[in-house]
Every structure is written in C-alpha cells, then in structure tokens.
Amino acid sequence: MVTFDLVFPAWQFKGLPPDWPGGFWWHFIVFSIIILAFVLTLVIMFIWFERRTLGRMQARMGPNRVGPFGLLQAMADAIKVMLKEDIVPNGADKLVHLLAPLVAFVPVLMVFAVMPFQDGAALVNLNIGVLYVMAVSSISTLGIFMAGWGSNNKYTLISAMRDVASVVSYEIPVVLSLAGIVLLAGSLSLNDIVRSQAQSVPFVLLQPLGFIVFFLGGMAEINRSPFDLLEADSEIVAGFHTEYSGMKFALFYLAEYAEALVLSTLVATFFLGGWGGPLLPPWLWLIVKSWAVFFVLVWIRATVPRVRIDQLMTFSWKFLFPLALLNLVVTAVEVVAWPEALPVLLIPVNIAVGAVLVILLSRNFKPGGSQVEA
Amino acid sequence: MQSIVFWLLAIVSIAAALSVVSARNVFRAALALVLCFVTVAGLYITLNADFLAAVQVLIYVGGIAVLIVLAIMLTREIQRGSQSNRLRIPAFLLAGLFFAVVAFALVNTGWKISTDDPLVPTTPALASRLIGPDGFILTVEIAAALLLAAVLGAIVLVREK
C-alpha cells in the first residue's frame with residue numbers, strides 16, 4: 001500500500017532526540033512553528049541589521065530611536081503598515097491583485113521545509129532536496145508578475161517584464177552551478193550535502209567557481225541590489241509594488257527579505273558547511289554563517305551601483321553561463337578521474353582553475369558593448 | 001488519506017483546467033493553467049514520483065508558465081479577452097469525440113497493477129535506466145540533439161541580416 005509515509009519518511013532522522021514525538025502530524029506542526037519563528041525573527045533582525053550597517057557604511061546613524069540601538073524599528077514599521085488603509089487601484093484585476101503577495105511569499109517559506117537546522121533536523125529530508133528548492137523558489141516570480149499585471153499601472157508592468165528577463169536568464173547558471181555540488185556530494189538531499197561537507201571540507205574550497213556563480217546568480221534572482229532593476233526607484237517609481245499598501249505591501253517587503261534569508265542560508269548550506277562546525281550548537285552555526293553571507297550582501301549593496309538591463313543580460317549569458325558550464329565540466333572530470341583524490345590536492349587545483357577562468361573571461365567581457373532590446 | 005488527497009487534487013485540477021478554456025481574461029486563464037500544473041505535480045507526489053513532481057514544477061511552472069505569461073503581457077489588445085470564431089461547434093464536437101475515445105480506451109484497458117513497494121529514492125533508479133548500461137542513452141541523446149537543433153533554428157530565424 002502506497003502511503004505518504006514512504007514519500008515523507010519524516011521521523012527517520014538521526015539528529016532528533018530519541019523521545020521525539022514520532023507521529024507525522026506532530027513532526028509537521030513542531031517544525032512548521034520552528035520554521036515560521038526562524039524566518040520571521042531572522043527577517044526582522046536582517047532588516048534592522050541591513051539598515052544599521054548601510055547607515056554605518058554611508059556615514060550616518062541609521063534607525064536608532066525605537067528600542068535599544070533601534071532594534072524595535074522593524075516592529076514599529078510592521079505595526080504602522082498594518083494600520084494603513086488597503087488601497088486597490090481603479091481598473092485593477094482585484095483577485096490577481098489580492099493573490100499576488102501570497103504567491104510571492106508562500107514559496108519562499110516553502111523552501112525552508114528541506115533546510116536542515118542540524119543533522120537530520122528538518123521538516124522533511126527530501127532526497128530530491130536541491131531540485132525541490134529550485135522548483136519551489138521559481139514560483140515566486142509568478143507573484144511579481146501577478147502584481148505587475150493586476151495593478152493596472154504601466155510602471156508595475158515594466159517592472160514585471162524586467163523580472164522575467166532576469167529570472168529566465170539567471171535560472172540557468174544558478175542550477176548549473178549547483179550541479180557541481182551535487183556531483184561532489186553524490187546526493188540531492190540538503191542534509192547529505194552538509195554531511196559530506198562535514199566529512200571533508202566546505203564546498204566553497206572545492207567549488208570556488210560554483211560559489212561565485214551561485215552567489216551572484218542568486219543575488220540577481222532575488223533582485224538584490226545591484227540587480228534590483230525591477231524596483232529601480234529613479235525610473236519606475238517602486239516597481240511591481242507601486243500600487244500596494246498596508247498588509248499586502250508588508251507581505252512583499254517580507255518576501256523580499258525572506259528571499260535574502262533563503263539565499264544566505266542556501267549559500268551557507270551548499271558551500272559553507274551548513275550546520276557543521278566546532279563548539280557552538282549546529283543551528284547556531286547555520287545562523288552565524290547565514291548572517292555572514294547576508295553581511296556580504298549588504299556590503300555589495302552599499303558598494304556597487306545598479307546595473308542597466310543590457311548589462312544584466314550580458315552578465316548572465318556571457319559571463320556566468322560559460323563559467324557555470326566550465327565548472328560543471330571540470331568537476332565532472334575530477335569526480336570521474338580521481339574519485340579518491342584528497343581534498344588537499346583538489347583545493348589548490350580548483351581555486352587555480354577558477355581564478356584563471358574568471359580572469360580569462362573578464363578580459364573578453366564588455367558589459368556595455370551589446371545591443372539588447374528590452 | 002491517499003484517496004482524500006487524490007480527489008482534492010483531481011477536483012482542483014479539473015476545475016482549473018476548465019477555467020483555462022472558459023475564462024474570458026487570458027491572463028487569468030494562464031494563472032489557472034499554473035494551478036493545473038501544480039495540482040498535477042501533487043498527483044505525481046501521491047504516486048511516489050517525487051522527482052517527476054519537482055521537474056513538473058521546475059519546468060512547467062517556473063519555465064513554461066512564466067514564458068506564457070510574458071507572451072500574454074507582450075500581446076496587444078489583450079484586455080478584450082479571448083476571441084471566438086465560427087469553428088466553436090466543430091471544435092467542441094471534435095474535443096468531445098477525443099474525450100470519448102480516450103475514456104473508452106482507459107476503461108477497457110486491463111491495467112497491470114504492481115504490488116511492489118515504490119522505489120525510495122527514485123533518482124538513482126531513474127538515472128541508471130536513462131544513462132546507465134543498456135539504458136535509454138540513445139533516446140536521451142536524440143532528444144538533446146533535437147533541442148539543440150530547435151535552439152539553433154530559433155537563433156537563425158530571429159537573427160538580424
């Protein structure tokens with residue numbers, strides 16, 4: 001008899017205590033609450049951290065009035081936004097306008113279902129984890145589309161068009177860069193990937209090229225600055241959420257930072273060893289590593305100006321895409337030719353190969369030279 | 001449990017499919033198509049085909065549906081809704097005939113029902129069937145060549161002289 005238990009063998013985890021309530025529904029409820037708390041708390045902390053760090057990098061104070069060090073600023077903003085009037089523009093497609101923030105936010109939350117917080121402690125340990133992450137995270141594009149179309153506003157529509165251009169192009173290098181990791185770990189499960197990093201070294205050392213491609217491609221996919229063309233305030237007001245206010249706007253804002261959190265935790269899980277680490281408890285290692293990645297995101301945001309649409313396209317197709325392909329080929333050859341090779345030998349080889357390829361490609365790469373009609 | 005989930009997904013997917021063809025607003029029809037794809041992925045999960053479900057969402061929802069929506073956005077005069085023409089009744093008859101044939105074939109086929117436990121995990125088994133020794137490697141390569149030819153053809157068609 002086929003049951004759900006075979007697809008989701010949720011309680012076959014080693015990291016959970018032996019007196020863990022074994023039932024499917026108990027596991028489901030407890031981990032859903034953990035994930036919600038994890039996402040909401042970290043998103044609020046990330047918003048505060050980004051505003052303070054940006055302030056420091058731009059030689060100003062940042063929010064510092066509400067609570068100690070301005071820690072409660074995000075809370076105050078959330079209350080303010082919830083009290084605002086919900087405005088739906090005339091001629092908008094009401095149903096689509098209502099559903100868009102949900103479609104944008106829910107998939108981001110769903111990604112955390114397979115995120116291991118320590119060895120085996122996840123909502124489900126899917127053996128197709130990487131594929132699941134890529135599949136689910138591609139849905140939230142539709143939410144931005146629905147917002148752009150349903151608002152009955154030309155700026156939101158332009159923003160949605162820009163989003164499809166970036167998502168369709170950057171999906172390919174991102175998925176290809178993860179293929180190298182899957183080859184090395186020999187599994188699509190996120191927990192197995194982290195476990196194989198705990199046995200050897202973090203994959204950032206074995207896959208420096210894959211790390212660069214995944215990090216930059218992921219930034220473009222979640223529309224982080226400097227790839228935040230679809231919210232370019234100087235050109236198209238506020239992009240796809242121009243016509244949103246109140247709780248719906250708050251959901252978009254939440255989704256944006258939750259996506260940044262997803263990217264940070266995914267980079268930490270795939271490349272920086274996930275929950276693995278000495279002394280500290282595993283879940284704290286995951287948070288520390290994600291936080292470090294997010295700091296780099298903020299740093300890049302404070303440093304690099306926004307790119308143009310043609311630069312965005314060229315960067316994906318002429319720089320990241322060939323790099324990801326070459327990385328996959330090099331990794332495949334290494335896995336087949338020296339399956340027992342020591343990481344000590346492979347690390348310098350891979351870093352050298354990565355550095356040579358990046359320098360060679362950037363020699364032939366002119367970001368503004370091409371023509372793009374978009 | 002299994003049958004509740006099946007009927008829920010089946011009802012939602014058929015309702016979504018019906019609204020794809022009946023919605024006046026093309027954009028809403030495309031969104032209903034997305035819902036239909038997602039519920040089909042859910043059906044795959046109930047059949048223990050987890051890889052197929054993830055690929056269904058990745059390709060159909062993340063790729064094809066996004067391109068369909070983009071094409072709709074780039075189409076002018078879309079606000080008037082979908083056009084109809086005189087072929088409505090012949091098309092309905094033909095579709096009804098097709099449905100009748102498929103339903104007849106489905107009901108009258110003696111389906112083999114496997115009593116084995118489903119494979120967990122599914123990906124290694126799939127991979128060794130596809131690209132392992134005496135697998136379907138030739139078919140995979142032919143499909144890849146076909147896709148490459150299609151991409152090259154598209155590039156040739158849109159290239160400026």
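Tutor: We take the cavities one by one. This is a predicted model, where local features need pLDDT of at least 70, side-chain atom pairs count only at pLDDT 80 or more, and totals for chains, interfaces and linings use all residues. Residues are numbered from 1 along each chain as its sequence is written, chains are lettered from A in the order in which they are written, and side-chain values use heavy atoms, with hydrogens and water left out.

Student: How many cavities of 30 Å³ or more are there?

Tutor: General idea: rolling a probe the size of a water molecule over the atoms shows where empty space is left. A cavity is a set of points, on a 1 Å grid over the protein atoms alone, where a 1.4 Å probe fits but cannot get out. Here the count is three.

Student: What volume has the largest cavity?

Tutor: About 290 Å³, as the space filled by probe spheres set on the points, which are joined across faces, edges and corners. Its lining (residues with an atom within 4 Å of a point) has 23 residues; closest to the centre are A:Ser137, A:Gly218, A:Glu221, A:Ile222 and A:Glu259.

Student: Which helices supply the lining of the largest cavity?

Tutor: Helices are DSSP runs (H or I, at least four residues), numbered from the N terminus. In chain A, H4, H5, H6, H7, H10 and H12 each supply at least two residues.

Student: And the second largest cavity?

Tutor: Its volume is about 100 Å³. H12(A) gives the most to this lining, with four residues. Among the lining residues are A:Phe240, A:Phe252 and A:Glu256.

Definitions and conventions. 1 Å grid on protein atoms, 1.4 Å probe; cavity = no way out; pocket = protein on both sides within 12 Å on 5 of 7 lines; lining within 4 Å.
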